[in-house]
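The following report describes the fold, the packing and selected side-chain contacts of one protein chain. It is intended to be read alongside the sequence and the coordinates.

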Amino acid sequence: MVSTFISEDRQLCRFLQVSGNSWHNALYIDCGNCQRAISRRCHDLLCVFDECAIPVFIPVQDAEQLWRTRIDKGDCLTVMHRDVFVALYGPWLYRHLSDPSACPLASFHREEDRPEFRKFPIFPNL
């Protein structure tokens, strides 16, 4: 059976865990007209940060299927354009990017392409 989700099942579960099972707790990343999208179905993204400050992404299309509702970006924590997010988080993203010509966010919502991360929190005292 072929999945209608863009993300891998493990990535979807991780997003649900980190977000507290609510897309309202996510950052909405407005990708605009991305020429490097991995799929025509991949448009905007939702992002939450885990306990190690590692971003967990899923495409909005996946979130709409999970919650069976239309995601209104105004109902998320905040909205940020992809270029602004990449500028803020760029050093980390590019350090973990396997294909520099691809979308810098694309490999982070497919588990098979996801890089291995440190097991220690960035801010252990918080």
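## Report on the predicted model

The side chains of Ser-7 and Asp-62 make a polar contact at 2.8 Å. Ser-7 is placed in the segment before α1 and is buried, with a relative accessible area of 4%. Asp-62 belongs to α2, where Val-60, Ala-63 and Glu-64 are buried as well. The cover over the buried residues of α2 includes α1, β1, β2 and β3. After α2 comes Arg-68, whose phi is positive, near 50 degrees.

The mean pLDDT is 79, and 72% of the residues reach 70 or more.

The chain contains three helices and four strands, arranged along the sequence in the pattern α-β-β-β-α-β-α. Of its 126 residues, 44% count as buried. Among contacts between residues at least 6 apart in sequence, 64% join residues at least 24 apart. The chain exposes about 7700 Å², of which carbon and sulfur atoms supply 53%.

In soluble globular proteins, nonpolar side chains tend to be buried together. In this model the largest nonpolar core has 16 residues, and Ile-29, Phe-57, Phe-85, Leu-93 and Leu-105 touch the most other members. At least two residues of this core come from each of β1 (27-30), β2 (45-49) and α3. The largest share, five residues, is supplied by α3. Another core, of 13 residues, lies apart from the largest one and includes Leu-12, Val-56, Ile-58 and Ile-71.

Aromatic rings form a further set of contacts. With ring centres required to lie within 6.5 Å, the count comes to six aromatic pairs. One of them joins Phe-15 and Trp-67: the ring centres are 6.4 Å apart and the planes stand at 70 degrees, so the pair is edge-to-face. Because Phe-15 lies in helix α1 (residues 9-19) and Trp-67 in helix α2 (residues 60-67), this pair ties together parts that are 52 residues apart in sequence. Phe-15 is buried, with a relative accessible area of 0%, whereas Trp-67 is partly exposed at 22%.

The pair of Phe-57 and Phe-85 has ring centres 5.7 Å apart and planes at 80 degrees, so this pair is also edge-to-face. It links distant parts of the chain, with Phe-57 in strand β3 (residues 55-59) and Phe-85 in helix α3 (residues 82-95), 28 residues apart. Phe-57 counts as buried at 0% relative accessibility, and Phe-85 counts as buried at 3%. Both residues belong to one aromatic cluster, together with Phe-49, Tyr-89 and Trp-92.

The two pairs are set out below.

| Aromatic pair | Distance between ring centres | Angle between planes |
|---|---|---|
| Phe-15 and Trp-67 | 6.4 Å | 70 degrees |
| Phe-57 and Phe-85 | 5.7 Å | 80 degrees |

Phe-57 also takes part in a contact through its backbone: its oxygen lies 3.4 Å from a polar atom of the side chain of Gln-11. Gln-11 is placed in helix α1 and is buried, with a relative accessible area of 0%.

Asn-21 has a positive phi of about 60 degrees although it is not a glycine. This residue is in the loop between α1 and β1 and counts as partly exposed at 48% relative accessibility. Ala-53, likewise not a glycine, has a positive phi of about 65 degrees. Ala-53 is found in the loop between β2 and β3 and is partly exposed, with a relative accessible area of 22%.

Note on methods. Residues numbered from 1 in each chain as written. Heavy atoms only, no water. Phe/Tyr/Trp six-rings, centres within 6.5 Å; stacked < 30°, edge-to-face > 60°. Buried < 20%, exposed > 50% of the residue type's maximum accessible area, 1.4 Å probe, protein only. Core = buried A, V, L, I, M, F, W, Y, C linked by side-chain atoms within 4.5 Å. Contact = heavy atoms within 4.5 Å. Areas by Shrake-Rupley, 256 points an atom, 1.4 Å probe, with all protein chains shown as cover. pLDDT = per-residue confidence, 0-100. Polar contact = N/O pair within 3.5 Å; in protein donor to acceptor, adjacent residues only side chain to side chain.
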